[in-house]
Amino acid sequence: MENKMEWWKQTSIYQIYPWSFQDSNGDGIGDLPGILRRLDEIQALGVETIWFSPFYESPGEDFGYDISDYTSIDPRFGTMADCERLIKEIHKRKMRVVLDMVMNHTSDKHPWFLESKSSTTNPKRDFYIWKKGNKKAPNNWISMVGKSGWNYDSKTDEYYYSNFLSFQPDLNYRNPKVKKTMLGVLDFWLQKGVDGFRLDIFNSIYKDEQFRDNPFSFRFFPTPDNHDEAFFQKKQYNLNLPESFSFAKEVRKHISKYKHKPFLIGEVSGSDQVLKSFLGEKADGLNLVFQFELIHFQYKAKFFKDLLEKNETVFPNPYTPTYVLGNHDQRRYIDRLGGDVRKAKLLVCFQFMARGVPIVYYGEEIGRKEGRLSNFFGKDPIAKMNRFLPLFLSNLLGIYINRDNCRLPMLWDDSENAGFSNGKPWLPVGSFQTTDTVKVQKKDPNSLWSHYQTLFHLRNNLGVIRDGSLKTIETENVDVLCFERENGKQTLRVYLNFGETGVRLDVTKKGKVLYAFGGAEIGETILLPAHSGVIIDVTGKKSLKK
Ligand code: GLC
Ligand code: CA
């Protein structure tokens, strides 16, 4: 069923962390030829858009989020020819490519920064944010990792600013040359055919021109969807500046001249109002932003109902909500469910059937679990910063320190290192069972992988899931979430039982069952065992043939 809505509003996104997906040359690090080998499997799952975490040249201190050349491929991952082939092969399979673009900062090994640092009169000095300090940091700004964002350079006796780690100096977007250069980087990749960009910490792009001190806040711990009050500071002057909102529109305008309609998805955080400012009052800013509410879901029907209603109120069409269960910075959701696949299926059904874009992090489709790697030996720079904090304590405090744990290699099959590499993997594969692998789950119609596949295919085949409106429906039971999707041609109802006991629902409307899982049965009534769900076409005109 074709419809007129822009493609990126209807898409589904699958995130690949190149380090951990598939190694092809035995060095223990995933690479582009490895990804190429797995494209058919990704296509079979039903994914439309693949987002790649960075594979540009980088010292790798933050595993690619510290770029030293924006228009090259890091030799660890392959060559530019591999990348061009990858883009071509993805397009051949009717899928799309999104690259991660770290516009906020470079690596401190980037030639621009090396020049900038060399003297106060170097032409690249103003590519970054430098300030005199009078023996102390120029102001009180705390970075996103909880320390002063100012870094002293003894050679020129000035401080440079970094809103993340010290080796990631922030570019100065008040310098028109920086803006021009970085928009040129986007052009470089758009001309190679990429379909969009994931914009890393885009909320941090501009800093206050007058460098005013941030006001005090009572809040200490940041959450995935709120960094703007943390570490006892309201980050009024170093995050979410109005200039960043305007820049979102500028970038949107810049890329909109491309005929293939590329899009932007921003990593920003803050209140719904802040997110909306990035999206633009006329939906003319970033096309999408990550919405992280699902990262701290409560496994209760009410939580999901409230979330749907909130998104319909705050982000009605033409805004498009996104639903994120995890990424390379967060504890994997399956662990937050105690490994319970029944519950995972419910959550994923919610994610795929809601109005908006579902975003899946590699491995979620097989319920890939977290590692238990200590903070002390962490490779992740955040772990290195906090290495003396024991894992149990950071877990107890609910803070995620060692991101290595959500970046473990993909589990493909039961061969050596789960089919990820025939060398020593850069992070341990860990213990696993054959039923945890793609190979085995693909053959089992009741596996989590097959559940994802069914949902991806439902979305791909039924326009109403992609372009339909959404409303929640009251049910007789507080544990049951019900919502309806409707596009004038077709109406679907989704019932999900989050309770611990079975529920029988009297429903007047009948229709065709498109998908039932967890033992749900439909006759005169709907029988929903604990943690089961069903998708019904109440117009009954179409049914899914997989
Ligand atoms: C984003 C990335 C994270 C990275 C940071 C600095 O939050 O998702 O992995 O460490 O930005 O670039
Ligand atoms: Ca490799």
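1. Strands here are DSSP runs of E with at least two residues, helices are runs of H or I with at least four residues, and both are numbered from the N terminus. Strand 4 (residues 130-131) and strand 6 pair in the antiparallel sense over two bridges; two strands count as paired if DSSP finds at least two bridges between them.

2. A word on the ground rules: this is a predicted model, in which local features need pLDDT of at least 70, side-chain atom pairs count only at pLDDT 80 or more, and totals for chains, interfaces and linings use all residues. Residues are numbered from 1 along each chain as its sequence is written, and side-chain values use heavy atoms, with hydrogens and water left out.

3. Strand 6 has another partner to look at. Strand 5 (residues 150-153) runs antiparallel to strand 6 and is joined to it by four bridges, with Tyr-152 opposite Tyr-159. Four residues lie between the strands of this hairpin, where Asp-157 takes a positive phi near 55°.

4. Which way do the side chains of strand 6 point? Glu-158 and Tyr-160 point one way from strand 6 (residues 158-161), Tyr-159 and Tyr-161 the other way, and all are buried. Buried means under 20% relative accessible area, with a 1.4 Å probe and protein chains only. In a regular strand, side chains alternate between the two faces of the sheet.

5. Now to Phe-517, which lies in strand 18 (residues 512-517). Phe-517 counts as buried because its relative accessibility is 4%. Beyond its neighbours within four places in sequence, Phe-517 is in contact (heavy atoms within 4.5 Å) with residues including Lys-345, Leu-346, Cys-349 and His-451. Leu-346 is 171 residues away from Phe-517 along the chain, yet their C-alpha atoms are separated by 8.8 Å.

6. Finally, the chain as a whole. The protein chain has 16 helices and 21 strands, and 62% of its 546 residues count as buried. Of the contacts with a separation of 6 or more, 67% come from residues 24 or more positions apart. The radius of gyration is 24 Å, which agrees with the value near 24 Å for a compact globule of 546 residues; the radius is taken over C-alpha atoms, and the globule rule is 2.2 Å times the number of residues to the power 0.38. Along its principal axes, the C-alpha trace spans about 80 × 50 × 50 Å.

How values were computed
Chains are lettered from A and ligands numbered from 1 in the order in which they are written. Buried means under 20% relative accessible area, exposed over 50%, partly exposed in between (1.4 Å probe, protein chains only).
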